[in-house]
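Please look over the structure below, and then follow a few questions and answers about it.

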Amino acid sequence: MTPDQKFARRVQVAIVLFVFLFAYFLAADLWMPITPQAQLTRPVLRVAPRVEGQVLEVAVRNNQHVDAGQLLFRLDPEPFRLAVRAAELALEQARQDNRQLDAAIAAARAELAAAQATASELQRQCARLARLVRSQHVSRQLFEQTEARRQAAQAGVAAAGARVRELLVQRGAKGDDNLRLRQARNALERARLQQDFSEVRAERAGTLSNLQLSAGAYLAAGSPVAALVADEADISADFREKALRYVSLEDGASVVFDALPGQVFAARVSAIDAGVKEGQLDANGDLAAPTISDRWVRDAQRQRLHVQLTEALPRVLPSGAKATVQLYPRDSGLADLFGRLQITVISLLHYLY
C-alpha cells in the first residue's frame, strides 16, 4: 500500500469515526442525556434567638452535628421567670378586680332598689296629696315640696340604674369569656412562650457552621449567631431543553460526585422546575426589551431538574458539592447500557481531575 493510499485510508477512518461520534452524541442527547452542571445543596437555616438576653450557656461547638430539638444555647432565664411571675400576678389581680366589681354591682343594685322604693313611696304620697289639695285639706306648698322630692327620687333611680349598667360593662362577661381574664391569660401565655424561647434548639437535624458565640454575650432578638446546614440533600442539574424532551418524573438516574470518584449512585427524577429567570416578566411599567444578537446560532437554554438519591452516601457531603447526573428517560435496555457505561467512565475520570 502506497503512502497516498495509507493517508486516504486514515482520512476515511477519521470521517467514519467522526460520523459515528456525531450520531452517538445526537442519540445520547435524547435517549441518555448527561450533564456535569449539577450540585448537591442543603437547606441552610440561620440560628438566631427569638428573644433578647444574655447568653448563659453554649451547649454545642462549631461544626457539630445536632439532632432536631437539641439544645444549642440558653439565655439567662431569670428575666423571663420574673415576667411569667408578673403575668401570673396580673391574672390573679384580674380575678380579684372581677370579684370587687361583682360586689360593687351587688351594692349598686341594692342602692337602685332602695331608690326605687323611695320613689314609689313618694309617688303614692304625691297622689294622696293631690286629692287633698283639691279638697283644700292640705296646703299646695306641701304638695309641691313632696313633688320635688319625688322628682329627685326618680333622678336618683336613673342615676342608680346608670351606675349598675356602668359596673356591668366594666365587669364584662362571666366565666372564662371575660375580657379582663382573657387579656391576662394571653399575657401569661406570651410570657411563658418567651421563657421557652430563652432556650434555643435546633429546628432540624444538621451540622452547625460558623458558630460565633460564647457565654456572657448579649444577643438581640433575631440576630444570627450560626448557620445550621440541614441533613436533607437536594441535587439540582441543568440540562439543555432538547435533552429533556422525553424526561418525566420518577425516571431513573445516576449521580457521580467529584468528591467521591469511582462511585456511581442510583437516583430518580424528583422534580422539574417550571421555568428559569429569563422567562420571568416583571410588571415594572417599562416596554419590552428584545434581545439583540448577531449570532446565527443562539446559546441553548438550560432547564433545571432535581434528582433524589435512592441509596445512602458513604459520608456527608458539604452543601455545594459538584456532581454529574445521568438520566435514563427511555425504556430501552441498549440506551440504559450505554448510559451506565458513559457515567462509569465519567466516575473514573474524576480520579484525574
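Q: Is E250 buried or exposed?
A: In this predicted model, where local features need pLDDT of at least 70, side-chain atom pairs count only at pLDDT 80 or more, and totals for chains, interfaces and linings use all residues, E250 lies in the loop between strand 10 (234-240) and strand 11 (252-257), strands being DSSP runs of E with at least two residues and helices runs of H or I with at least four, both numbered from the N terminus. Residues are numbered from 1 along each chain as its sequence is written, and side-chain values use heavy atoms, with hydrogens and water left out. Buried means under 20% relative accessible area, exposed over 50%, and partly exposed in between (1.4 Å probe, protein chains only). With a relative accessible area of 53%, E250 is exposed.

Q: What is the relative accessible area of N210?
A: N210 belongs to the loop between strand 7 (206-209) and strand 8 (218-219), and it has a positive phi of about 55° although it is not a glycine. N210 is partly exposed, and its relative accessible area is 47%.

Q: Within what arc do the buried residues of helix 5 fall, seen down its axis?
A: The buried residues in helix 5 (residues 333-349) are A335, G339, Q342, I343 and S347. They line one face of the helix, because their directions from the helix axis to the C-beta atoms fall within an arc of 145°.

Q: Which exposed residues does the face of helix 5 turned away from its buried side carry?
A: An α-helix has 3.6 residues a turn, so residues three or four places apart point the same way. On the face of helix 5 turned away from its buried side, the exposed residues are G333 and L334.

Key:
Expected span 1.5 Å × (residues − 1).
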